[in-house]
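Here is a briefing on one protein model. It covers overall shape, helix packing and pockets.

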Amino acid sequence: METAVSLDWLDIKLLDHIQRNGHCSNVELSAAVGLSPSPCLARVKRLCEAGVIRGYDANIALEKLGNFITVFSEITISEHRRDSFRLFEEAAETLPEITECYNVSGGCDYILKIIVESMSRFSAIRDHMLELDVGIIKFSNRIVLRKPFETRTVPLRHLAPKR
């Protein structure tokens with residue numbers, strides 16, 4: 001595990017505002033958190049350099065681009081060794097349709113989020129993964145029927161130390 005970065009309540013306010021309004025200017029951000037622009041910019045720079053802020057992404061409305069299928073796949077691999085995990089993860093990372101990969105505990109080893117344009121493309125990805133010989137012994141899938149809600153924000157004010 002990585003060492004946690006020490007954050008104070010102003011850092012939490014900054015991060016909370018940035019994750020909701022990543023496209024805002026430094027002047028808007030500083031006003032929202034109650035800092036003058038120069039110290040605000042210095043804090044943001046420190047958070048970027050520490051790797052707390054990874055980047056500023058656009059939230060794409062995929063449904064506006066066409067009909068896509070989201071599949072959550074549960075993967076079990078045969079051997080639980082560091083090399084086996086690395087081999088699987090490196091293979092999964094080569095497929096752009098696999099947008100998220102989680103190494104989990106419980107009934108499987110990995111959960112993948114896969115976004116494809118068709119079931120035939122999903123089948124091709126599944127077949128490709130099985131053909132790679134990366135130790136997959138079970139590949140079960142859950143097709144998303146609908147997504148009642150989604151949030152891309154982290155509940156920072158509930159996870160961070162109180163001021």
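Ala, Val, Leu, Ile, Met, Phe, Trp, Tyr, Cys and Pro count as nonpolar; Asp, Glu, Lys and Arg count as charged; the others, Gly among them, count as polar. By that scheme, the lining of the second largest pocket divides into eleven nonpolar, five polar and seven charged residues. The model is predicted: local features need pLDDT of at least 70, side-chain atom pairs count only at pLDDT 80 or more, and totals for chains, interfaces and linings use all residues. Residues are numbered from 1 along each chain as its sequence is written, and side-chain values use heavy atoms, with hydrogens and water left out.

**Overall shape**

- The protein has six helices and four strands. These are DSSP runs (helices: H or I, at least four residues; strands: E, at least two), numbered from the N terminus.
- Along the sequence the pattern reads α-α-α-β-α-β-β-α-β-α.
- The radius of gyration is 20 Å, well over the 15 Å that the globule rule gives for 163 residues, so the protein is more spread out than a compact globule. The radius is taken over C-alpha atoms, and the rule is 2.2 Å times the number of residues to the power 0.38.
- Along the principal axes, the C-alpha atoms fill a box of roughly 55 × 40 × 25 Å.

**Helix packing**

- Helix H1 (residues 9–20) packs on helix H3 (residues 37–49) at an angle of about 80°, with the axes 11 Å apart. Axes are lines fitted to C-alpha atoms, for helices over the stretch in contact, and angles run from 0 to 180 degrees between N-to-C directions.
- H1 is therefore roughly perpendicular to H3 (65 to 115 degrees).
- H1 contributes Leu10, Asp11, Leu14, Leu15 and Ile18 to the contact (heavy atoms within 4.5 Å). H3 contributes Cys40, Arg43, Val44, Arg46 and Leu47.
- This contact has seven nonpolar, no polar and three charged residues.
- Helix H2 (residues 26–33) also packs with H3, at about 100° and with the axes 9 Å apart. H2, too, is roughly perpendicular to H3.
- Asn26, Leu29 and Ser30 of H2 meet Pro37, Cys40, Leu41 and Val44 of H3. Five of these residues are nonpolar, two are polar and none is charged.

**Largest pocket**

- The largest pocket holds about 1,300 Å³ of space. On a 1 Å grid over the protein atoms alone, a pocket is an open set of points where a 1.4 Å probe fits, with protein on both sides within 12 Å along at least five of seven lines; lining residues have an atom within 4 Å of a point. Grid points are joined across faces, edges and corners, and a volume is the space filled by probe spheres set on the points.
- There are 30 lining residues, and the closest to the centre are Gln19, Val52, Ile53, Arg54 and Val154.
- H1 and helix H6 (156–159) are the elements that give two or more residues to the lining. H1 gives the most, with five.
- The lining has 16 nonpolar, nine polar and five charged residues.

**Second largest pocket**

- About 800 Å³ of space lies in the second largest pocket.
- Of its 23 lining residues, Thr70, Lys113, Ile115, Lys147 and Glu150 are the closest to the centre.
- Strands E1 (69–77), E2 (98–103) and E3 (110–116) each supply at least two lining residues. E1 gives the most, with three.

Technical notes
Angles under 35 degrees count as roughly parallel, over 145 as roughly antiparallel, 65 to 115 as roughly perpendicular and the rest as oblique.
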